[in-house]
Amino acid sequence: MQHYDEHVECLSAHLERFFKDDEISVFHEVVSLDFHLDVFFIQPSDRKYNLLITSGMSLLKMTVPEMVESPEKYSFAELMILLPKSIEFGPMHSVPEKNDWIIAMLKQAARFPHYCDTFISIGHSLQATEDLQTYSPETNFAGCVFLPSPSLDKPFTEFNCGNDIINIYSVFPVYKNELEFKIQNGFDAFLDLIIKANP
């Protein structure tokens, strides 16, 4: 399987165009059984939120079905989540630390398309477990949906690395009933629900 190592370098350069060096830190993955997947922790001084962004999902090309128009636009991605400034993380050790389930959720989602020979994009959703259990006893979230970012526009969420397009999709954690609603009613109905709840 081909590894696109240059994509990780392009991501780092891309983030440096938007954030200062001292605002960016990294949760390094100590052991990788498949492909190396780090997570950037970005704490911008001029914004009301922090960010977590995966670094390594785009090392591998996702399997986009032929029926999808312009599949090359969806072949590579990284994931991000915007967080309140109040959320803190401990160092990444083998013993779980508070809020580490958020990092684990991102990594689980980032590995999913490569494990399952598929792809993810805006409008897709994932379950934390097959039987819709939560990600952790710390949280009631049981899945996530990939949405357009409400705070960061296209110059940030889509960039080029050579001839390849890399998307940065926003991860939106959801409760079991929200995920069931999305699965039963579709993405558009779910998005309408989110917009009405956050006018």
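Mentor: Let's begin with the lining of the second largest pocket, whose residues divide into nine nonpolar, five polar and three charged. In this sorting, Ala, Val, Leu, Ile, Met, Phe, Trp, Tyr, Cys and Pro are nonpolar, Asp, Glu, Lys and Arg are charged, and the others, with Gly among them, are polar. Keep in mind that you are looking at a predicted model, in which local features need pLDDT of at least 70 and side-chain atom pairs count only at pLDDT 80 or more, while totals for chains, interfaces and linings use all residues. Residues are numbered from 1 along each chain as its sequence is written, and side-chain values use heavy atoms, with hydrogens and water left out.

A pocket here is an open set of points on a 1 Å grid over the protein atoms alone, with protein on both sides within 12 Å along at least five of seven lines, and its lining residues have an atom within 4 Å of a point. The second largest pocket has 17 such residues, and Ile122, Thr157, Glu158, Asn167 and Tyr169 lie nearest its centre. It holds about 270 Å³ of space, a volume being the space filled by probe spheres set on the points, which are joined across faces, edges and corners.

Which elements build this lining? Helix H3 (154–157) and strand E8 (164–175) each supply at least two residues. E8 gives the largest share, five residues. These names come from DSSP runs numbered from the N terminus: helices are H or I runs of at least four residues, and strands are E runs of at least two.

Follow E8 and you come to the largest pocket, where E8, strand E4 (76–84) and helix H5 each give two or more residues to the lining. Here E4 gives the most, with four residues. About 350 Å³ of space lies in this largest pocket. Its lining has 17 residues, and those nearest the centre are Leu82, Leu147, Pro150, Ser170 and Phe172. By type, this lining divides into 13 nonpolar residues, three polar and one charged.

Now move on to the salt bridges. One joins Lys107 and Glu29, at 3.2 Å from N to O. Lys107 lies in helix H2 (100–115) and Glu29 in the loop between strand E1 (24–27) and strand E2 (38–42), so this pair ties together parts that are 78 residues apart in sequence. Glu29 also forms a salt bridge with Arg111, with the closest N and O atoms 2.9 Å apart. That pair likewise links distant parts of the chain, 82 residues apart, as Arg111 is in H2. Lys107 and Glu29 are both buried, and so is Arg111.

For another setting, turn to Arg47 and Asp46, whose side chains meet in a salt bridge at 4.0 Å, N to O. Arg47 is partly exposed at 26% relative accessible area, whereas Asp46 is exposed at 61%.

Back in H2, you will find Pro113, which is buried at 1% relative accessibility. Leaving aside residues up to four places away in sequence, Pro113 touches Met57, Met62, Thr118, Phe119 and Ile120.

Finally, look at the loop between H2 and strand E5 (125–127), where Asp117 sits. Asp117 has a positive phi of about 55° although it is not a glycine, and it is exposed at 55%.

Key
1 Å grid on protein atoms, 1.4 Å probe; cavity = no way out; pocket = protein on both sides within 12 Å on 5 of 7 lines; lining within 4 Å. Buried < 20%, exposed > 50% of the residue type's maximum accessible area, 1.4 Å probe, protein only. Contact = heavy atoms within 4.5 Å.
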